[in-house]
Amino acid sequence: RDVQVEQPIFVQLLNKQQELSIVKAGTIGNVRIIDDAEATNKPIKPKKALIVILSIMLGLISSVSLVLLRVFLRKGMENHEDIEKIGLPVFSIIPYSQEQTNLATKNSSPKKSQLLALANPADLAIEALRGLRTSLHFAMLHAKNNVIMVTGASPNIGKSFISVNFANILAMGNHKTLLIDADMRKGLLHQYTGCHKKRGLSDYLSEQSELTSIIQQTECTHFDIITCGTTPLNPAELLMHPNFVKLLNDVKDKYDYILIDTPPILAVTDAAIIGQYVDTTLFVARYRVTTQKEIEAATQRLNQNGISIKGVVFNAVERRASNTYSQYGYYNCSNHVY
């Protein structure tokens with residue numbers, strides 16, 4: 001009975017095995033030989049010529065895009081002619097001096113002078129400031145007093161650099177010069193000259209120091225300076241004190257030139273207050289930093305207070321093929337970097 005039961009199952013399994021063998025033998029492969037393999041000396045990839053061409057094209061596109069983006073994002077003025085179109089005369093174009101940057105880095109001590117006019121009198125920036133001295137001489141022929149105010153529209157435009165080196169150049173021309181740091185908030189002229197700021201303008205205006213104690217002599221003959229002094233809480237109110245007028249009246253007959261370095265006119269009102277007592281105002285604009293709108297706004301604010309800009313000093317101009325800065329190339333020295 002067991003044989004009779006298992007025999008049909010065995011026969012059925014044999015039939016299935018034979019059917020699967022027939023199916024396996026009848027399967028047709030779908031693989032075909034398209035091309036026969038051939039040996040070659042040239043590699044198929046990478047295609048160097050194509051990669052070089054694509055790299056050049058990609059580099060050109062990236063460079064042009066970067067230049068256009070920088071031009072689009074740049075807002076500062078690059079040509080002094082744009083300033084003259086506003087109606088302001090440009091007295092001098094001061095080239096950028098890497099020597100001044102190096103000098104400030106080396107002489108980081110507060111007791112060491114950082115005057116470029118003394119360290120390198122042949123620097124192009126100093127030569128340009130000598131041209132400013134000539135232009136200012138003729139502009140002040142009919143001035144009511146010998147007080148000169150140096151201001152600007154915004155911070156970080158090199159206003160202090162212009163003031164202290166220009167005062168030094170005036171002194172080197174045998175003109176007794178006094179430089180007053182009227183930026184009692186963030187005055188930096190003491191760092192350029194190596195003088196102290198413990199007793200300065202703010203201390204005199206607040207009646208804490210005498211005039212003779214705040215005037216300091218610098219390394220250059222005929223060049224004296226009054227530093228900003230102790231930082232006060234009310235700089236604008238101190239400038240409106242009668243002591244400021246008294247200070248100018250006491251020193252204007254003792255010096256040939258009195259330069260006052262003021263804070264930016266668009267930031268605070270100090271320049272508008274000081275401008276009431278001066279007859280010559282120099283406005284400093286920095287290459288690629290100062291915008292046309294800033295100059296227009298600063299000019300309008302000064303005019304509202306009855307102050308007219310005598311001339312503009314275009315500072316830190318870098319040599320570029322696109323600007324008109326080639327006139328300085330004749331005096332270029334190999335040890336200057338621009």
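# Questions about a predicted model

User: Let us start with Leu 73: buried or exposed?
Analyst: Leu 73 counts as exposed, with a relative accessibility of 55%. Exposed means over 50% relative accessible area, buried under 20%, and partly exposed in between, for a 1.4 Å probe and protein chains only.

User: What kind of model is this, and how are residues numbered?
Analyst: This is a predicted model, in which local features need pLDDT of at least 70 and side-chain atom pairs count only at pLDDT 80 or more, while totals for chains, interfaces and linings use all residues. Residues are numbered from 1 along each chain as its sequence is written, and side-chain values use heavy atoms, with hydrogens and water left out.

User: Where is Leu 73 found?
Analyst: Leu 73 is part of helix H2, which covers residues 48-73. Helices (H or I, at least four residues) and strands (E, at least two) are DSSP runs numbered from the N terminus. From C-alpha to C-alpha, Leu 73 and Leu 211 are 48 Å apart in space, and 138 residues separate them in sequence.

User: And Gly 152, buried or exposed?
Analyst: Gly 152 counts as buried, at 0% relative accessibility. Gly 152 belongs to strand E2, residues 147-152.

User: Which residues does Gly 152 touch?
Analyst: Leaving out residues up to four places away in sequence, Gly 152 touches Ile 157, Lys 159, Pro 264, Ile 265, Leu 266, Phe 283 and Val 284; contact means heavy atoms within 4.5 Å. Between the C-alpha atoms of Gly 152 and Ala 25 the separation is 97 Å, for 127 residues along the chain.

User: Changing topic: which residues touch the most other members of the largest nonpolar core?
Analyst: They are Ile 83, Ile 180, Leu 201 and Ile 260, in a core of 45 residues. A nonpolar core is a set of buried Ala, Val, Leu, Ile, Met, Phe, Trp, Tyr and Cys residues joined through side-chain atoms within 4.5 Å. Another core, of 35 residues, lies apart from the largest one and includes Ile 126, Ile 157, Val 164 and Leu 179.

User: What is Ile 260 in contact with?
Analyst: Neighbours within four places in sequence aside, Ile 260 contacts Val 147, Ile 148, Met 149, Val 150, Ile 180, Ala 182, Phe 244, Leu 248, Ile 274 and Val 278.

User: How many disulfides does a search of the whole structure find?
Analyst: The search finds zero disulfides, a disulfide being a pair of cysteine sulfur atoms within 2.5 Å. For Cys 195, the nearest cysteine sulfur is that of Cys 228, 11 Å away. For Cys 220, the nearest is that of Cys 195, at 12 Å.

User: Those two, Cys 195 and Cys 220: buried or exposed?
Analyst: Cys 195 is buried, at a relative accessible area of 11%, and Cys 220 is buried at 10%.

User: Where does Lys 198 lie, and what does it touch?
Analyst: Lys 198 is in the loop between H8 and helix H9 (201-205), and it counts as exposed at 64% relative accessibility. Not counting residues up to four places away in sequence, Lys 198 touches Asp 203 and Thr 230.

User: What is phi for Glu 207 and for His 222?
Analyst: Phi of Glu 207 is near 60 degrees, a positive value in a residue other than glycine. Glu 207 sits in the loop between H9 and helix H10 (211-214) and counts as exposed at 58%. His 222, also not a glycine, has a positive phi of about 70 degrees. The loop between strand E4 (216-217) and strand E5 (223-226) holds His 222, which counts as partly exposed at 36%.
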